[in-house]
Amino acid sequence: MSAPKIIALAGSLRKESFNQKLINEAARFALQTGAEVEVIQLNELDIPLFNEDIEAQGTPADAQRLKDKLRSADGILLASPEYNGSITAPLKNAIDWASRTEQGAVPAFRNKVVALFATSPGGLGGLRGLNHVRDILSGIGSLVLADQLAVPSAFSVFDDNGQVSDPEIADKVSSLAHQLVSVASKLK
Ligand SMILES: Cc1cc2nc3c(=O)[nH]c(=O)nc-3n(C[C@H](O)[C@H](O)[C@H](O)COP(=O)(O)O)c2cc1C
């Protein structure tokens, strides 16, 4: 069986994003399984706010690129920062663009296995926002793993190289990343 293709994505545009660091770590652990893993940084993509008038003139190149990459993936490692108890605008915007289906094409999120991660400086680690992301993705056909990981106190989680310094947290990140790869390969 060929290795599953995994996309790793975080819903932040911030240069020093904790969620980007967390998903980079999840991607690193997923790579160790032999999976094919690609990290996508939202702040490297030029994706306008979704507007059907823009879409009518043609999906912007980076939005199309993101959609094509998600469509060709078997699984998604997703870190969702929490804003006001919910999903960030850039992540929702990316999902909205990618969810649009050209005639005859397969919906990008359908049957994709997704593992949800979050981290925040707060005590719940972004847990409340994950319920919303789970709802959105389940509603468009993704198979969101029951297990998820919200890491509190984000300021003290990463070392200077952006790696998770606490071995217990690293184990949890690794375990969820491995679970994603395992389920994605079984469903491939
Ligand atoms: C508009 C706004 C709303 C926020 N709301 C929450 C929140 O509801 N819960 C929380 O834990 N942190 C909240 N935060 C703090 C973020 O968790 C923090 O900025 C975090 O670093 C964002 O993730 P990032 O580092 O990946 O960009 C909020 C931040 C902003 C800017």
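# A walk through the nonpolar cores

Start by selecting Ile23: leaving aside residues up to four places away in sequence, Ile23 touches Ala8, Leu9, Ala10, Leu77, Leu78, Ala79 and Phe117, where contact means heavy atoms within 4.5 Å. You are looking at a predicted model, in which local features need pLDDT of at least 70, side-chain atom pairs count only at pLDDT 80 or more, and totals for chains, interfaces and linings use all residues. Residues are numbered from 1 along each chain as its sequence is written, and side-chain values use heavy atoms, with hydrogens and water left out.

Next, widen the view to the largest nonpolar core, which has 32 residues. Such a core is a set of buried Ala, Val, Leu, Ile, Met, Phe, Trp, Tyr and Cys residues joined through side-chain atoms within 4.5 Å; buried means under 20% relative accessible area, with a 1.4 Å probe and protein chains only. Select Ile6, Ile23, Leu77, Phe117 and Val173 to see the residues with the most contacts inside this core. Now colour the elements that give two or more residues to the core: strand 1 (5-10), helix 1 (18-31), strand 3 (75-79), strand 4 (113-119), strand 5 (143-151) and helix 6 (167-187). Helices (H or I, at least four residues) and strands (E, at least two) are DSSP runs, numbered from the N terminus. Helix 6 supplies the largest share, eight residues.

A second, separate core of 26 residues comes next; select Ile76, Ile87, Leu91 and Ala118, which are among its members.

Finish at Ala27, in helix 1. Ala27 counts as buried because its relative accessibility is 3%. Beyond residues up to four places away in sequence, Ala27 touches Ala8, Val37, Val39 and Leu77.

Technical notes
Buried means under 20% relative accessible area, exposed over 50%, partly exposed in between (1.4 Å probe, protein chains only).
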